[in-house]
Amino acid sequence: ACTNRRLPVINYVVSDRTATITIDDEARRNPLSNEAMAELAEAVSRSAADPGVSVVVITGAGERAFSAGGDLSSGFVDSPLPDHQSRGALAELFKSIRGNPKPVIARVNGVALGGGFGLAVVCDITIAVSGARMGTPEIGLGLWPMMISAALVRSMPRKPLMEMMLTGRVVTAEEALEYGLVSRVVPRERLDVELAEVVAGILTRSPAAIALGKRSFYAIDDMDFETALDHLHAGLTAVSLTEDASEGVDAFLQKRDPKWRGR
C-alpha cells in the first residue's frame with residue numbers, strides 16, 4: 001500500500017571525538033515518532049560502541065525546537081495495543097542514554113515538550129537556550145506524560161512536577177533551571193560557545209573514570225543510604241584499579257598533563 005508517511009531523519013556526525021545526533025525535521029519542530037525514537041536509541045548505542053567518540057550531543061535542527069514531543073500525525077493513538085511494543089522505543093532511548101558510558105549532553109536549541117522534554121532532562125548535562133519553553137502538555141490531549149515521568153521525578157520536586165502534569169503548564173528554560181531540570185541557560189549567541197567549553201572540559205578527563213562514575217551515579221538513585229555507601233565503596237576500589245587512575249596520580253606528582261588510555 002502507498003503511504004505519505006514521512007520517515008524520520010536522525011543525523012549522526014562525529015567530529016573531534018564528539019558525536020552529534022540531530023533530530024532533523026525542522027519544519028515540524030523535530031517530532032518524536034516511534035521510528036524516530038528507535039533511530040535515536042540506535043544512534044546513542046552506536047556512539048557508545050564507537051572508540052572515536054568520547055562525548056555525545058543530542059539536539060534538534062534549526063532554532064525553533066529541540067523537539068516538540070510525540071508525532072501526533074503518525075497515528076499516535078490509532079492502534080494503542082498493536083503499537084504498544086514500538087511505543088516503548090522512548091523507554092529504550094532513555095535506557096541507552098543512561099547506560100552509555102560516555103557523557104550525553106542535550107543541546108536544547110528551542111521548545112522541548114512532552115517526550116522532547118523528557119529527552120532533554122534524561123541527558124547527563126542539559127544546556128538550554130534562554131527563553132526556550134519546556135513542559136508536559138499531554139493532559140490537554142487527554143494523555144499523560146507516562147514514560148518521561150521516570151526522568152522528571154528524579155530531577156525536580158514532586159509538587160511543582162505534579163502541577164505541571166495536571167495542568168499542562170509550560171515553563172521557561174529559566175524556570176526549568178530553578179527546578180534542577182537543566183544544567184545551565186545561555187543566550188542563543190552563546191549556546192554553541194558554552195557547549196564547546198563543556199565538551200572540551202570533558203575531553204580532558206579520564207574516560208575510564210567517567211564511565212565508572214556515571215554508572216555509579218545513576219545506580220544509587222533508588223538505594224537506601226547504607227546500600228549506596230557500600231556500592232560506592234566498591235566503586236572507589238574499581239576506579240582505583242584502572243590504568244587511568246595510576247596515570248592520573250603519576251601525572252599529578254610529576255606535574256605534567258595525564259595521557260589517558262580509557263582503561
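How many of the residues of helix α4 (residues 115–122) are buried? I looked this up, taking buried as under 20% relative accessible area, exposed as over 50% and partly exposed as in between, with a 1.4 Å probe and protein chains only. The count is 8 of 8, so I noted α4 as mostly covered. Helices (H or I, at least four residues) and strands (E, at least two) are DSSP runs, numbered from the N terminus.

This is a predicted model, where local features need pLDDT of at least 70 and side-chain atom pairs pLDDT 80 or more, while totals for chains, interfaces and linings use all residues. Residues are numbered from 1 along each chain as its sequence is written, and side-chain values use heavy atoms, without hydrogens and water.

Next entry: the second largest pocket. I noted 16 lining residues, with V121, C123, D124, S155 and Y218 nearest the centre. Two or more lining residues come from each of α4, β7 (125–129) and α9 (207–219). A pocket here is an open set of points on a 1 Å grid over the protein atoms alone, where a 1.4 Å probe fits, with protein on both sides within 12 Å along at least five of seven lines; lining residues have an atom within 4 Å of a point.

Last entry: K214, in helix α9. I found K214 buried, at 9% relative accessible area. A polar atom of the K214 side chain lies 2.8 Å from the backbone oxygen of N100. Leaving out residues up to four places away in sequence, K214 touches I97, R98, N100, K102, P103, V104 and D124, where contact means heavy atoms within 4.5 Å.

Conventions
Polar contact = N/O pair within 3.5 Å; in protein donor to acceptor, adjacent residues only side chain to side chain.
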